[in-house]
Amino acid sequence: MSEDRTNFGFLDRCDDRVAHLARQAEHYVHSDPDSCLFKLRLMIETMAKRLVSMSAPDMADADLSSMLGVLERLGTLPRRQADGMHAIRRDGNAAVHGNSTPTPTAMRRLKDAHRLSGWYARNIKRGSKVEPGSFVPPPAPFEQSKGESKLNREIDELEDRIEGQRRRTREALMLFREDEDTDGVRKRYRIELKALDMIAAAAGEPVIDAEFVALVMAMDLEALFEHPSFGSDSREARRNAEAQLAEVKAELERNEHLYLEERANLVQEMRLFKRRQLRGET
Amino acid sequence: MSAKHQDRGLVMNEVPCENQRTMSATAPDIELATLWFLAARAMTAADGTLGTARQAAAGLYAQAILGISEEECEQAKAEEVISSLTLLDCLGRLSKAPREVGEKIMTGVMMIAYANRSMHPLEVRWASMLASSMKMDSDDFQRCCVNARVMAGMLGTHAASEVTGESDSDEAGADS
């Protein structure tokens, strides 16, 4: 790829600001991977703002995480795109907080950003032909030595592990597998539920007026919360449940910190290697 | 995930543990995970909405409260495990589950129902069927509902960030 060649030219007709940020990220990917991540994070924030302004304008001033959450809930942001945006958000934030970004990580996120841009452009310019083409990694300004290539491969392997673990965590949390025909399965359950409902009705169970039931339940709940035999238990239950939830969250955090530490060690190793190279010791 | 096979005790309002049947109350396993996913999936099918955050809240509940591990979640959702099971299978399994397990599942399922702040007739019917299969009386059901409301409020705020395996408090999430 020549120096003025970009992977993000197709964005010019769609969103100037996003296109500009993408080009800057591309420019920095080898020379300053941290800056590349800053730009990419800003890029997806800009994308999210625009998408939110179209579907949930009252959320346009929310933070990025909340905006992505809203877009997911509204069904605007599919699971795969959400994963890509969250990965950029997370690595961008880590870079802002002083965790050094290795080039292979920045390159991965740049590639994610290219894929996301294609999806974004198709959403913004509905009906228009969008051709992002294949992602061509910007070439390194200097040829890598064997030692650098080896370290970069190690970083790539670590990134593979991180992405694999994050994907597994996410998949475990979801009620349905990503490769599952979710609509089909839920349709089947719905048919079964309706059949069971009819059987219940035929057996003399009362027909359910859901709105009435919901109202009664809400009123009951208000009363129950205040009731001495339930109220105090509920507060205790909440404390216990929060402690258990905190335990799960702490483990997720520990995993993320371990990844960041391992990544930082590899970045440090790369720095030392480059210093030795400059001193002619390798 | 360290949750595997931990006895997490009773999070919810304590209920006398009687009616012990075949499923272990202390050792989360694939049976429990499969039962949970069947019951929870049916509840999301009942009102026709399925948000990522709602799914994630259900996943967090499974891991934090039921003590099901990531691996067990994956295994329970495998096609060969869950695809051939019907909701009648779910009711049958629940009727054989220990009381404590059944109440936790009922609470989680009601948490899913409360997540969108409305009740659909089929959601009410599904809750009623689950309660009947366990022979749960109205006091216990109400207790589950109260706990479910508590959990819905609590997990709803966490689910969006947990979906990507991070928390609000880590440095990545500090400025969101």
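These legends go with a few close-up views of a predicted model.

Residues count from 1 along each chain as written, chains are lettered from A in the order written, and hydrogens and water are left out of side-chain values. Because the model is predicted, local features need pLDDT of at least 70 and side-chain atom pairs 80 or more, while totals for chains, interfaces and linings use all residues.

**View 1. The largest nonpolar core.** It has 69 residues, and B:Trp36, B:Met43 and B:Ile105 are among those with the most contacts inside it. Such a core is a set of buried Ala, Val, Leu, Ile, Met, Phe, Trp, Tyr and Cys residues joined through side-chain atoms within 4.5 Å; buried means under 20% relative accessible area with a 1.4 Å probe, protein chains only. Helix H1 of chain B, residues 30-47, gives the largest share, twelve residues. Helices here are DSSP runs (H or I) of at least four residues, numbered from the N terminus.

**View 2. Around B:Trp36.** Sequence neighbours within four places aside, B:Trp36 touches A:Leu175, B:Tyr61 and B:Ile112, among others. Contact means heavy atoms within 4.5 Å.

**View 3. Helix H4 of chain A.** Its 18 residues (79-96) reach 25 Å from first C-alpha to last, close to the expected 26 Å, which is 1.5 Å times one less than the number of residues. Of the 18, 15 are buried, so H4(A) is largely enclosed by the rest of the structure. Just after H4(A), A:Gly98 has a positive phi of about 95°.

Terms used. Buried < 20%, exposed > 50% of the residue type's maximum accessible area, 1.4 Å probe, protein only. Helix = DSSP H or I, 4+ residues; strand = E, 2+ residues; numbered from the N terminus.
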